[in-house]
Amino acid sequence: MGEQASTHFPQEILDQWSGLGIDLPALFSAGNLGTRMGLRVLHAAPDKVTGTLPVEGNTQPYGLLHGGASAVLAETLGSIGAMLHGGPGKLAVGVDLNCTHHRGLRSGLITGTATPLHTGRTSATYDITITDDNDRRVCTARLTCALRENQPG
C-alpha cells in the first residue's frame, strides 16, 4: 500500500491546467489518507473519475470492509471530478456525503466510478458507484461539493 498509480488525464484537462505550475497528479490524487489506504486514482476527467481501493488493510473489527473506507473512495473520486469541473480558478469543498452500503467484503479490490449528476457554477454533485471484483455493487454514494474561488495564499 501507499504506492500511487499514475493517473490518466485527458489531453484537454492537461491543456486547461498547463502553465499554472500545478502538479496535477499531486492535486488530483488520493491525498495522504487515501495513499495510506492504498487508494489509486486511475482516470480523472470532469465527466468520469475512476479509482480502486484494496479491502485488505481497510477492514473493521469483524474483518469486513470498513464503511468509512468506501466513503473515502467515494469522496476522493467525487471531489476530483468536482475540482476538474470547476477548473483552475475553483476549489471543490465537500459539503454533503451520503453512502449506502449494500454488501460486506473480506478481500479483493473495490472499484469506484464517479459521474456527475449536477455541475453548476457554485456546486457539483457526483454519483459514485463502488463495485467488487465480480462487478457486484458494494456501495452507492452521492457527494455534493461547493465550488469556491481559488484564492492564492
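This is a predicted model: local features need pLDDT of at least 70, side-chain atom pairs count only at pLDDT 80 or more; totals for chains, interfaces and linings use all residues.
**View 1. The protein chain has 4 helices and 6 strands.** Helices (H or I, at least four residues) and strands (E, at least two) are DSSP runs, numbered from the N terminus. Along the sequence, the protein chain follows the pattern α-α-α-β-β-α-β-β-β-β. Of the 153 residues in the protein chain, 42% are buried, where buried means under 20% relative accessible area, exposed means over 50%, and partly exposed lies in between (1.4 Å probe, protein chains only). Among contacts (heavy atoms within 4.5 Å) in the protein chain between residues at least 6 apart in sequence, 66% join residues at least 24 apart.

**View 2. The largest nonpolar core has 34 residues.** A nonpolar core is a set of buried Ala, Val, Leu, Ile, Met, Phe, Trp, Tyr and Cys residues joined through side-chain atoms within 4.5 Å. The residues with the most contacts inside the largest core are Ile110, Ile128 and Ile130. At least two residues of this core are supplied by each of α1 (11-17), β1 (40-45), β2 (48-54), α4 (67-86), β4, β5 and β6, and α4 gives the largest share, 9 residues. Leaving aside neighbours within four places in sequence, Ile130 is in contact with several residues, including Leu73, Ala74, Ile110 and Val138.

View 3. When its neighbours within four places in sequence are left aside, Arg121 is in contact with Lys90 and Leu147. The C-alpha atoms of Arg121 and Gly86 are separated by 7.4 Å, although these two residues are 35 residues apart along the chain.

**View 4. Thr144 is buried in strand β6 (residues 137-149).** Thr144 counts as buried because its relative accessible area is 18%. The side chains of Thr144 and Thr125 are joined by a polar contact of 2.9 Å; a polar contact is a pair of N or O atoms within 3.5 Å, and within protein one must be able to donate a hydrogen and the other to accept it, while residues adjacent in sequence count only if both atoms are side-chain atoms. Not counting residues up to four places away in sequence, Thr144 touches Val93, Gly94, Val95, Asp96, Ala124 and Thr125.

**View 5. Asp135 lies in the loop between β5 and β6.** With a relative accessible area of 63%, Asp135 is exposed. The phi angle of Asp135 is near 60°, which is a positive value in a residue other than glycine.

**View 6. The whole structure contains 0 disulfides.** A disulfide is a pair of cysteine sulfur atoms within 2.5 Å. Cys99 is in no disulfide, and the nearest cysteine sulfur, that of Cys139, is 4.5 Å away. Cys99 counts as partly exposed at 24% relative accessibility, whereas Cys145 counts as buried at 1%.

Conventions
Residues are numbered from 1 along each chain as its sequence is written. Side-chain values use heavy atoms; hydrogens and water are left out.
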